[in-house]
Amino acid sequence: MYQPYPSSGKPVEPERPPAPPSVLNAVKLMYVGAAISTVSLVIALIDIGGTKDAIRKARPSLTATQVNQLNTFIISLAIVSGLLGIGLWLWMAWANKQGKNWARIVSTVLFGLATLDMVGVFSQPKTLLGLVFPVLTWLVGLGAVWLLWRPDSTAFFKPQGFR
């Protein structure tokens with residue numbers, strides 16, 4: 001009589017092959033994106049001292065309390081959005097390296113949102129430094145997404161049973 005081995009009831013997934021070079025390079029670009037975002041956040045926080053003056057110049061009717069509140073809000077927003085961006089780069093790098101197809105799709109959607117955000121970047125007056133980081137970040141995202149959709153990457157992201 002045949003006695004099967006006890007199991008947890010979950011089907012065993014076949015082992016995923018190692019990520020192809022295109023996926024590994026996309027992951028490296030995502031780490032570069034996280035690094036650029038980190039440097040951008042640090043520079044933004046160093047340069048935050050001029051925010052109060054810019055608020056006063058743009059809205060001279062605000063009281064000192066209102067200027068301080070708006071300044072605090074802008075600093076908080078910069079920190080939260082900066083950390084969120086860094087976290088998304090790192091999470092997408094990890095998940096894409098694992099072959100999670102949803103991560104490839106989310107990465108593409110995030111790149112689409114970054115592309116829409118570039119309209120805002122170019123529609124407002126900026127210093128050269130204010131343009132360099134968004135453009136660099138966008139170019140890194142473009143490279144990562146392009147690599148994620150290469151034919152050898154697509155084969156890596158297919159469910160294991162459908163190879």
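**View 1. Surroundings of Trp-89 in the predicted model.** This is a predicted model. Trp-89 touches Leu-29, Met-30, Gly-33, Ala-34 and Ser-37, and also Thr-137, Val-140 and Gly-141, with residues up to four places away in sequence left out. Trp-89 is also among the residues with the most contacts inside the largest nonpolar core.

**View 2. The largest nonpolar core.** This core has 21 residues. Those with the most contacts inside it include Val-23, Ala-26 and Met-30, along with Leu-148, Phe-156 and Phe-157. Helices H1, H3, H5 and H6 each supply at least two of the core residues. H1 gives the most, with seven residues.

**View 3. Whole chain, for orientation.** The protein chain has six helices and zero strands. From the N terminus on, its elements run α-α-α-α-α-α. Of its 163 residues, 26% are buried. Contacts between residues at least 6 apart in sequence join, in 72% of cases, residues at least 24 apart. The accessible surface comes to about 11,000 Å². Carbon and sulfur atoms account for 69% of that surface.

View 4. H4 covers residues 101-123, a run of 23 residues. At 1.5 Å a residue, the helix should span 33 Å. Its end C-alpha atoms lie 34 Å apart, which agrees. Buried in H4 are Ala-103, Arg-104, Ser-107, Phe-111, Met-118 and Val-121. The buried residues of H4 pack against helix H1 (21-46), helix H3 (64-97), H5 and H6.

**View 5. A nonpolar surface patch that includes Trp-149.** Ile-105, Val-109, Leu-113, Leu-116 and Trp-149 make a nonpolar surface patch of about 510 Å². Trp-149 sits in the loop between helix H5 (128-148) and helix H6 (151-157). Its relative accessibility is 41%, so Trp-149 counts as partly exposed.

**View 6. Ile-79 on helix H3.** Ile-79 lies in helix H3. Buried or exposed, or in between: how does Ile-79 count? Its relative accessibility is 32%, so Ile-79 counts as partly exposed. Ile-79 touches Leu-41 and Leu-45, not counting residues up to four places away in sequence. Ile-79 and Val-42 are 37 residues apart in sequence. In space, their C-alpha atoms are 9.2 Å apart.

View 7. With 53% relative accessibility, Leu-84 counts as exposed. Ser-37 is 47 residues away from Leu-84 along the chain. The C-alpha atoms of Leu-84 and Ser-37 are separated by 9.7 Å.

View 8. Side chains of opposite charge can pair when their charged atoms come close. Which residue forms a salt bridge with Asp-53? The partner is Arg-56, and the closest N and O atoms are 3.0 Å apart. The cut-off for a salt bridge is 4 Å, so this pair qualifies. The count comes to one salt bridge. Asp-53 and Arg-56 are three residues apart in helix H2 (residues 51-58), so about one helical turn separates them. Asp-53 is partly exposed, with a relative accessible area of 49%. Arg-56 also counts as partly exposed, at 43% relative accessibility.

Note on methods:
Residues numbered from 1 in each chain as written. Predicted model: local features only at pLDDT ≥ 70, side-chain atom pairs only at ≥ 80, totals over all residues. Heavy atoms only, no water. Patch = residues over 30% accessible without salt bridge, like charges linked within 9 Å, V, L, I, M, F, W, Y side chains within 5 Å. Areas by Shrake-Rupley, 256 points an atom, 1.4 Å probe, with all protein chains shown as cover. Salt bridge = Lys/Arg side-chain N within 4 Å of Asp/Glu carboxyl O. Helix = DSSP H or I, 4+ residues; strand = E, 2+ residues; numbered from the N terminus. Buried < 20%, exposed > 50% of the residue type's maximum accessible area, 1.4 Å probe, protein only. Expected span 1.5 Å × (residues − 1). Contact = heavy atoms within 4.5 Å. Core = buried A, V, L, I, M, F, W, Y, C linked by side-chain atoms within 4.5 Å.
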